[in-house]
Amino acid sequence: MNFTLTDEQRMLRDAVAGFLGARYELTKSRAAVKSAAGWDPAIWRGFADEIGILGATLPERVGGMGGGPIELLVIAEELGRALVVEPFVDTVVLGAGLLDRSGGADDVLRQIVSGSARVAFAALEPGSGDIFHDVSTTARRDGAEWVLDGTKIVVTGAPIATHLVIAARTSGARRDPAGISLFHTVFDAANPPAGVEVHAYRTIDDRVAADLVFTGLRLPAEALLGAEGEAWRVIEPTIDDAIAAITAEAVGCMRKVLADTVEYTKQRHQFGQPIAGFQVLQHRMVDMYLELEQSVAAAYLAANSLRTAQPARARAIAAAKVTVGRAARFIGQNAVQLHGAMGMTEELAIGHYFKRLTAIEREFGPTPHHLTRYAALTR
């Protein structure tokens, strides 16, 4: 496997890093997430107008740059390093991926590229755990309309979304991948459409999310994305794209956490010398470095697998999620421990990164879920 970036990919990485380094310092970003809006719209506009990352991986026909999985990896890693909370994965990876694979939504994709649209994916439900094809929300025809009933939980990005993609069952049993359909609608959490209740909240990693209750939500016939009952073939690869993106994001987070920990141990003195001089702590930081390097390899493996067929893609994605989940927990916990009580204060970055790494370990299925998935694929 080739880990070498092309000149264009290095330029993309440097552009994203330079923008975030100049505009996304921790104090400003934490102030933004604690505001009423919960994010910084000016940063999102900069993503579109100044560095173009909202369209970097989208097709050229909608104004994107046509980039591939490695471009996604490069962007996501830098967003993780800066602890960006703006909904890049929700909109550009999940939302745009679902719309693009379903066909017929080029107008929304153009709005994503321009920064005027943000998409949330309403998928998981109470009792579904981490199984995305466990769908009880129903969609039935009523004349020229669709009527949706059900509940969706932890819809990340929903409070600031302009569009919603909803997974609902049009046929089949509860956990049957067949019979799931996707529906698209414009959305405003502050003024939701009739038939939608929005229960918004902030997650432990300072992102915005909501639980949504649909009671007789009426959508026009054209709200259906793709063929009725065949959405799983669209959802599954898009979720894999999102997992690859957050593994790269985790790598960026862990790079920052390890660097800050090493620097702190050089500055903190105990018994008349820097604690970095204690061999037992040196061994601990070497172990953290090894976990990070394994995660880098796993993230590249995941990205390179996205264009391959099943089951190779699923095995690589599951392996990456397990590797990164384990490393995120190990590096995060040890970084906090090496910082002592300072590690969980608002003033230091470590605690904020640890929260995001903890969330990533759970997002799109925790480590045990993907261990089970990997085992099933290798029988």
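## Glu-125 and Lys-152

In this predicted model, Glu-125 is buried, its relative accessible area being 5%, and its salt-bridge partner is Lys-152, with 2.7 Å between the closest N and O atoms. The pair ties together parts of the chain that are 27 residues apart in sequence, because Lys-152 belongs to strand E3 (residues 145-156) whereas Glu-125 sits in the loop between strand E1 (119-122) and strand E2 (138-142). Lys-152 is likewise buried, with a relative accessible area of 0%.

## Asp-106 and Arg-61

A salt bridge also joins Asp-106 to Arg-61, where the closest N and O atoms are 3.1 Å apart.

## Glu-77 and Arg-81

Within helix H4, Glu-77 and Arg-81 are four residues apart and therefore separated by about one helical turn, and their side chains meet in a salt bridge with an N to O distance of 3.6 Å. Glu-77 is buried, with a relative accessible area of 11%, whereas Arg-81 is partly exposed, with a value of 32%.

## The wider set

Over the whole structure, the search finds 29 salt bridges. Beyond the pairs described above, a network of salt bridges links Asp-205, Arg-207, Glu-249, Arg-356 and Glu-363.

Notes: Residues are numbered from 1 along each chain as its sequence is written. This is a predicted model: local features need pLDDT of at least 70, side-chain atom pairs count only at pLDDT 80 or more; totals for chains, interfaces and linings use all residues. Side-chain values use heavy atoms; hydrogens and water are left out. A salt bridge is a side-chain nitrogen of Lys or Arg within 4 Å of a carboxyl oxygen of Asp or Glu. Helices (H or I, at least four residues) and strands (E, at least two) are DSSP runs, numbered from the N terminus. Buried means under 20% relative accessible area, exposed over 50%, partly exposed in between (1.4 Å probe, protein chains only).
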